[in-house]
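Subject: Structure for you to look at

Hello,

Here is the structure I promised to pass on. Please open it next to this email and follow along.

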Amino acid sequence: MTEASKFWNECFGKGVLEAYDYTGRLIKKQAYNQQGSAYGWVIEYILPIDMGGKKTWDNVWIVSYETHTLRNGRLTYVIDGDRYQVEKNNCGNYEIFKTGGKNMDFWIKEFGNVEEAEDFTGRKIKKCAHGQTGSRYGWDIDHILPLSRGGKDNDENKQIVHVKTNDEKADLTTFKIDGILYQVKKTSKSDEHCWANYDYSDKKYCIEEI
């Protein structure tokens, strides 16, 4: 349990007692390896060992016991109507992707092969905590210029943000987070030194502190 607890802390934060796995199942820190618990979880190999996977930390993640059972060691599978596939990411490591939404590839495109980073507000995020609303390091993909304001659903209008940042920004173009006022502007009309804490060099829009 010591190693499992340490890995939980790395993914979700030391003080976090509840989180969600990649399928949206709620898990609780104290329920490690509890098969009979609705909140039980295990550390699972992304690429199974019997299929060539390595016993290394970059080949494991945390999933609910139910998710682990439903997957049953497969490389392609369906859970709750969603189809998942084990594939190599751009750095040659294995990830599990939901078909049609390769969020981990976008992480690598934006930040490279690192396990943690910061969003434009400076909030720390961790690669293993994608979509984890209960984690202090959870992140999601945000449309810089909201779709409701004419933004497009493409990579040049997307950025990675903390789940809390995503909620607070919402569909606004001028907004305040932690007492700082931000505004969405066209990158071509904005000085790079005014950008908030993010690389907007390949984006159509950026976010500035104002």
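**Charged pairs**

Glu-110 is buried, with a relative accessible area of 17%. That falls below the cut-off, because buried means under 20%. Keep in mind that this is a predicted model.

What does Glu-110 pair with? Its side chain meets that of Lys-203 in a salt bridge, at 3.1 Å from N to O. Glu-110 sits in helix H3, residues 103-111. Lys-203 sits in the loop between strand S13 (180-186) and strand S14 (205-209). The two parts are 93 residues apart in sequence, so this pair ties them together. Is Lys-203 buried or exposed? Lys-203 is buried, with a relative accessible area of 6%.

Side chains of opposite charge can pair when their charged atoms come close.

How many salt bridges are there? The count comes to 15. Here is another one to find. Arg-71 forms a salt bridge with Glu-44, and the closest N and O atoms are 3.1 Å apart. Arg-71 lies in helix H2 (residues 65-71), while Glu-44 lies in strand S3 (residues 41-45). These parts are 27 residues apart in sequence, so the pair ties them together. Check the cover on each partner. Arg-71 has 0% relative accessibility and counts as buried. Glu-44 has 4% and counts as buried.

Now try Lys-158. Lys-158 forms a salt bridge with Asp-153, with the closest N and O atoms 3.3 Å apart. Are the two partners buried or exposed? Lys-158 counts as buried, at 18% relative accessibility. Asp-153 is exposed, with a relative accessible area of 54%.

Next, go to Arg-25. You will find Arg-25 in the loop between strand S1 (18-20) and strand S2 (26-28). Arg-25 counts as buried, at 12% relative accessibility.

A polar contact of 2.9 Å joins it to the side chain of Asp-80. A polar contact of 3.1 Å joins the side chain of Arg-25 to that of Thr-23.

Start with Lys-152. Its place is in the loop between strand S10 (139-143) and strand S11 (158-162). Lys-152 counts as exposed, at 56% relative accessibility. The cut-off matters here, because exposed means over 50%.

**Two backbone angles**

Asn-33 has a phi near 60°, a positive value in a residue other than glycine. Asn-33 is found in the loop between S2 and S3. Asn-33 is partly exposed, with a relative accessible area of 45%.

Then there is Ala-170. Its phi is positive, at about 55°, although Ala-170 is not a glycine. Where is Ala-170? It is found in the loop between helix H4 (163-169) and strand S12 (174-177). Ala-170 is partly exposed, with a relative accessible area of 39%.

**Two distances**

Ala-38 lies in the loop between S2 and S3. Ala-38 is exposed, with a relative accessible area of 67%. Pick Ala-38 and Trp-8, which are 30 residues apart along the chain. Their C-alpha atoms are separated by 18 Å.

Now pick Thr-69, in helix H2. Thr-69 counts as partly exposed, at 47% relative accessibility. Thr-69 and Thr-173 are 104 residues apart along the chain. What separates their C-alpha atoms? The distance is 43 Å.

**Where to begin**

Begin with the pair Glu-110 and Lys-203. Go on to Arg-71 and Glu-44.

Best wishes

Definitions and conventions:
Residues numbered from 1 in each chain as written. Predicted model: local features only at pLDDT ≥ 70, side-chain atom pairs only at ≥ 80, totals over all residues. Heavy atoms only, no water. Salt bridge = Lys/Arg side-chain N within 4 Å of Asp/Glu carboxyl O. Helix = DSSP H or I, 4+ residues; strand = E, 2+ residues; numbered from the N terminus. Buried < 20%, exposed > 50% of the residue type's maximum accessible area, 1.4 Å probe, protein only. Polar contact = N/O pair within 3.5 Å; in protein donor to acceptor, adjacent residues only side chain to side chain.
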